[in-house]
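This briefing concerns the protein chain displayed here. Its points are grouped by topic.

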Amino acid sequence: MADKKIAIILKSPDFCESVTEDIVIYADAALNHKNKVGKKEILAVVGDFDSLGYTPKSVNIVGLNVEKDFTDGERAIHLAVENGYKNITIYGAYGGKIEHILGNIALLKIAKNLGAKAVIQHGDYVTELINNSIVLNVEKGSTLSIIPYGERCEFIKSSGLYYPLDNLVLTNADTRGISNQTTENEVRIEIKKGEALVIYGRK
């Protein structure tokens with residue numbers, strides 16, 4: 001089951017995604033997107049249901065207290081990992097309040113700390129948290145942005161980018177990694193130290 005994919009659906013008001021995974025977890029009011037998501041196996045609906053306004057019936061409910069120290073999305077990540085899923089795609093992370101968007105991006109780090117890989121899918125673009133060495137299948141000629149996640153990120157080298165990352169250091173006070181361009185359908189990035197968010201168009 002560890003290789004099987006699962007989707008977590010969040011409650012973005014701009015939700016218009018094409019969910020490709022066969023099994024999903026809905027976070028609270030994200031259940032309102034059920035018709036857009038389509039016929040999928042529902043592992044659970046997670047939340048205190050303050051935003052949904054009612055407790056759903058005929059589905060597995062993971063109820064939460066209104067007063068809690070984590071978001072519905074964070075609990076959904078834990079639930080996915082607890083059920084053996086290590087490959088998670090998050091939909092509906094962007095749109096709505098800025099603080100919610102920032103919190104949703106943090107779900108990538110939460111998943112990583114739990115030994116899982118999570119990505120955010122938004123339209124044609126993916127947001128992923130990377131470290132060490134990685135190969136990305138991208139759309140040639142598209143935009144790829146890299147943002148340090150933490151104080152600094154030290155790169156060894158890259159290929160497939162118009163502006164190479166060779167021996168580059170980016171800090172949380174740099175914007176240099178924004179709007180790079182892919183020159184191939186495959187981008188390779190090697191990181192010596194640190195982590196970075198990469199936002200790219202998937203091929």
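Glycine 84 follows α2 and has a positive phi, near 90°. The structure is a predicted model, in which local features need pLDDT of at least 70, side-chain atom pairs count only at pLDDT 80 or more, and totals for chains, interfaces and linings use all residues. Residues are numbered from 1 along each chain as its sequence is written, and side-chain values use heavy atoms, with hydrogens and water left out.

**Helix α2**
- Eight of the eleven residues of helix α2 (residues 72–82) are buried, so the helix is largely enclosed by the rest of the structure; buried means under 20% relative accessible area, with a 1.4 Å probe and protein chains only.
- The buried residues are Asp72, Gly73, Arg75, Ala76, Ile77, Leu79, Ala80 and Val81.
- These buried residues pack against β1, β2, β3 (41–47), β4 (61–63), β5 (87–91) and α3 (98–113), where contact means heavy atoms within 4.5 Å.

**Other positive phi values**
- Aspartate 28 is not a glycine, yet has a positive phi of about 50°.
- Aspartate 28 is placed in the loop between β2 and α1 (34–37), and counts as buried because its relative accessibility is 0%.
- Asparagine 132, in the loop between β7 (125–130) and β8 (133–137), also has a positive phi, near 60°, without being a glycine.

**Glutamate 17**
- Glutamate 17 is located in the loop between β1 (5–9) and β2 (23–27).
- Glutamate 17 is buried but forms no salt bridge, and the nearest side chain of opposite charge, lysine 36, is 9.8 Å away; a salt bridge is a side-chain nitrogen of Lys or Arg within 4 Å of a carboxyl oxygen of Asp or Glu.
- Its side chain reaches the backbone nitrogen of glycine 123 at 2.7 Å.
- Leaving out residues up to four places away in sequence, glutamate 17 touches Lys36, Tyr91, Gln121, His122 and Gly123.

**Whole chain**
- The chain contains three helices and 14 strands, taken as DSSP runs: helices are H or I with at least four residues, strands E with at least two.
- The radius of gyration, taken over C-alpha atoms, is 18 Å, close to the 17 Å that the globule rule gives for 203 residues, so the chain is as compact as a globular protein of that length; the rule is 2.2 Å times the number of residues to the power 0.38.
- The C-alpha trace spans about 55 × 30 × 30 Å along its principal axes.
- Of the 203 residues, 47% count as buried.
- Among contacts between residues at least 6 apart in sequence, 59% join residues at least 24 apart.

Key. Buried means under 20% relative accessible area, exposed over 50%, partly exposed in between (1.4 Å probe, protein chains only). Lys and Arg count as positive and Asp and Glu as negative; His and the chain ends are not counted. A polar contact is a pair of N or O atoms within 3.5 Å; within protein, one must be able to donate a hydrogen and the other to accept it, and residues adjacent in sequence count only if both atoms are side-chain atoms.
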